[in-house]
Amino acid sequence: MLEEKYSIESILSVHHWSPSLFSFVMTRPASFRFSAGQFARIGLKIDGQPVIRAYSVVSSPFDEFLEFFSIVVPDGALTPVLQRVQVGDSILLEKQSFGFLTLARYQQPLPQDLWLLATGTGLAPFLSILQDFSVWQQYRRIVLAYSVRTAHELAYAEKIRGLQELFDPDHQVEFQFIPIITRATDSETALLQTPQLRQRLPLLIRSGSLEDTAGFPLSADRSHVMLCGNPQMVEDTRNALKEKGLSMNRRGEGNIAVENYW
């Protein structure tokens, strides 16, 4: 029964970004297909029983491996064990991918500006999207705003800053990475483009500071906005965007798309 639903894969590498954040790379079966932005269900056998959770895929759909980004939930059933995996350990992968946080969901407005707004491990699907050549071919301007509590939690920053050189070397797209550190110390403020980027995403949207930093507005006529992160951020940010006249994407029309696997 277990073998029918899951494949047994191997851990290839593990990276600990902070005491509470880690990522890992695992083998990918040739039969596993996904679109950038989707998630997989992965897990471990613990006390003889499979413990499975949903994780957005970090890696590109064209990579030969699968990468995931996780937070440690101290009293969780899976992550306290998962954070201790080592190279060569076995891990379960459900054979099907899931989720609708993909560019294919957008029909109207037509692709012009893409805003990717993330907190914590909600960054994962956006890394996958930004490693797909199609996004660099469709959009004129792309903003990735990544909000964390402390500078130590600003994972993948170096990788993010190198994405455009890999996928858009002629710089046909205006790409901006906007890190937000809500508990930044005075010395860490130097990492930010403006001092205002110490506020939560909903406040930055309501005040106009996020648009000021990007240099162009959120617009119902040209903006596609994707949200992924903790549920409270998603709810508050969605409401702030609606106040600016943007609408939820339904049946291909509208601006705002969110991930709902929490």
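**View 1. Glutamate 235 and arginine 238 share helix α8, three residues apart, about one turn of the helix.** Helices (H or I, at least four residues) and strands (E, at least two) are DSSP runs numbered from the N terminus. The model is predicted: local features need pLDDT of at least 70, side-chain atom pairs count only at pLDDT 80 or more, and totals for chains, interfaces and linings use all residues. Residues are numbered from 1 along each chain as its sequence is written, and side-chain values use heavy atoms, with hydrogens and water left out. The side chains of glutamate 235 and arginine 238 meet in a salt bridge (2.4 Å, N to O); the term denotes a side-chain nitrogen of Lys or Arg within 4 Å of a carboxyl oxygen of Asp or Glu. Glutamate 235 is partly exposed at 33% relative accessible area, while arginine 238 is buried at 18%. Buried means under 20%, exposed over 50%, and partly exposed in between (1.4 Å probe, protein chains only).

**View 2. Arginine 200 forms a salt bridge with aspartate 236.** Their closest N and O atoms are 3.1 Å apart. Arginine 200 lies in the loop between β9 (174-181) and α6 (201-207) and aspartate 236 in helix α8 (residues 231-243), so the contact ties together parts 36 residues apart in sequence. Arginine 200 has a relative accessible area of 38% and is partly exposed.

**View 3. Lysine 244 forms a salt bridge with glutamate 211.** The closest N and O atoms are 3.0 Å apart. Lysine 244 is partly exposed, at 33% relative accessible area, whereas glutamate 211 counts as buried at 12%.

**View 4. Asp113, Arg141 and Arg222 are linked in a network of salt bridges.** The whole structure holds eight salt bridges.
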